[in-house]
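Open your viewer and get ready to select residues by number. We will go stop by stop.

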Amino acid sequence: FPAVISFLDCIWQTYYIFPMKISSTVEWAIHCCSLLAGLPKETSLTGKELAEFHGVPHPYLAKALQTLSHDGILNTVSGPKGGYQLAKKPNKVSLLDIVLSIEGNDPCFECDEIRRKGPTALEKSPSYKRPCLIASAMWNAEKVWRDELAKVKLSDLLEQVKSKVDPRQLKKAQKWIEQRKA
């Protein structure tokens with residue numbers, strides 16, 4: 001799938017351009033949203049169930065799920081069969097939506113304008129009216145990264161599950177969910 005390959009290539013290139021660190025909570029959130037996207041419409045999973053399914057600590061995941069719910073990516077369902085559901089169709093939720101929900105929308109790079117400091121700095125320079133060349137390169141790399149994440153929808157991931165995930169794991173997942181929702 002070209003978008004995912006391109007996304008992974010972008011991540012690889014971005015890593016070597018600047019050491020961007022995305023929290024593990026983003027990974028957890030994407031996995032949870034992907035799982036919820038593949039469930040039947042009326043099915044929900046609790047935060048504890050999602051944490052157990054993915055083998056991650058519930059208290060940390062709970063904060064991420066609340067954030068995703070607050071940002072309209074997940075719905076909370078109350079009652080004995082309550083939990084979380086995807087709030088939108090899978091083709092309307094991008095990986096970028098999830099990343100920004102968890103990490104925020106701040107840029108990855110902030111230019112401190114050090115070119116204007118130190119012994120070679122000038123009081124005024126026409127070049128200071130333009131963005132720093134390094135900042136421009138960083139911002140361009142971030143734009144590419146964000147654009148690639150925006151292209152990948154949860155529905156794209158769901159389309160690949162049957163061909164990319166071991167059928168034994170899919171069967172175990174289905175059985176696990178059925179046992180909890182019986």
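Which residue forms a salt bridge with Arg146? Select Arg146 and Glu142: the two form a salt bridge, and their closest N and O atoms are 2.9 Å apart. Keep in mind that this is a predicted model.

**Stop 1: the pair in H6**

Stay on this pair. Arg146 and Glu142 both sit in helix H6, four residues apart, so about one helical turn separates them. In general, an α-helix has 3.6 residues a turn, so residues three or four places apart point the same way. Are these two residues buried or exposed? Arg146 is buried, and Glu142 is buried too.

**Stop 2: other salt bridges**

How many salt bridges does a search of the whole structure find? The search finds seven. Side chains of opposite charge can pair when their charged atoms come close.

Select Asp166 and Arg168 next. They form a salt bridge, with 2.7 Å between the closest N and O atoms. Asp166 is partly exposed, at 31% relative accessibility. Arg168 is exposed, and its relative accessible area is 63%. Salt bridges with shared partners also join Glu113, Arg115 and Arg116 into one network.

The side chains of Glu113 and Arg115 meet in a salt bridge, at 2.7 Å from N to O. Glu113 has a relative accessible area of 24%, which makes it partly exposed. Arg115 is also partly exposed, at 24% relative accessibility.

**Stop 3: helix H8**

Now select residues 167-181, which make up helix H8. H8 has 15 residues. From its first C-alpha to its last, H8 reaches 21 Å, close to the 21 Å expected at 1.5 Å a residue.

Which residues of H8 are buried? Colour Ala173, Trp176 and Ile177: these are the buried residues of H8. Look down the axis of H8: its buried residues fall within an arc of 95°, so they line one face of the helix. What do they pack against? The buried residues of H8 pack against H2 and H3.

Turn to the other side of H8. Exposed residues there include Arg168, Lys171, Lys172 and Lys175. Pro167 and Gln179 are exposed on that side as well.

**Stop 4: the largest nonpolar core**

Select Leu50, Leu68 and Ile98. The largest nonpolar core has 34 residues, and these three touch the most other members. Several elements each supply at least two residues of this core, among them H2, helix H3 (47-54), helix H4 (58-70) and strand S2 (83-86). Helix H5 (95-103), helix H6 (133-151) and H8 are also on that list. Which element gives the largest share? H2 does, with nine residues.

Keep Leu68 selected and show its surroundings. Beyond its neighbours within four places in sequence, Leu68 is in contact with Ala29, Cys33, Ile73, Leu74, Ile98, Ser101 and Ile102.

**Stop 5: Ser34 in H2**

Finish in helix H2, residues 24-37, by selecting Ser34. Is Ser34 buried or exposed? Ser34 counts as buried, because its relative accessibility is 18% and the cut-off for buried is under 20%.

Where does its side chain reach? The side chain of Ser34 reaches the backbone oxygen of Ile30, at 2.8 Å. Now show the contacts of Ser34, leaving aside its neighbours within four places in sequence. Ser34 is then in contact with Leu154, Leu157 and Leu158.

Note on methods: Residues numbered from 1 in each chain as written. Predicted model: local features only at pLDDT ≥ 70, side-chain atom pairs only at ≥ 80, totals over all residues. Heavy atoms only, no water. Buried < 20%, exposed > 50% of the residue type's maximum accessible area, 1.4 Å probe, protein only. Polar contact = N/O pair within 3.5 Å; in protein donor to acceptor, adjacent residues only side chain to side chain. Contact = heavy atoms within 4.5 Å. Core = buried A, V, L, I, M, F, W, Y, C linked by side-chain atoms within 4.5 Å. Expected span 1.5 Å × (residues − 1). Arc of directions from axis to C-beta. Salt bridge = Lys/Arg side-chain N within 4 Å of Asp/Glu carboxyl O.
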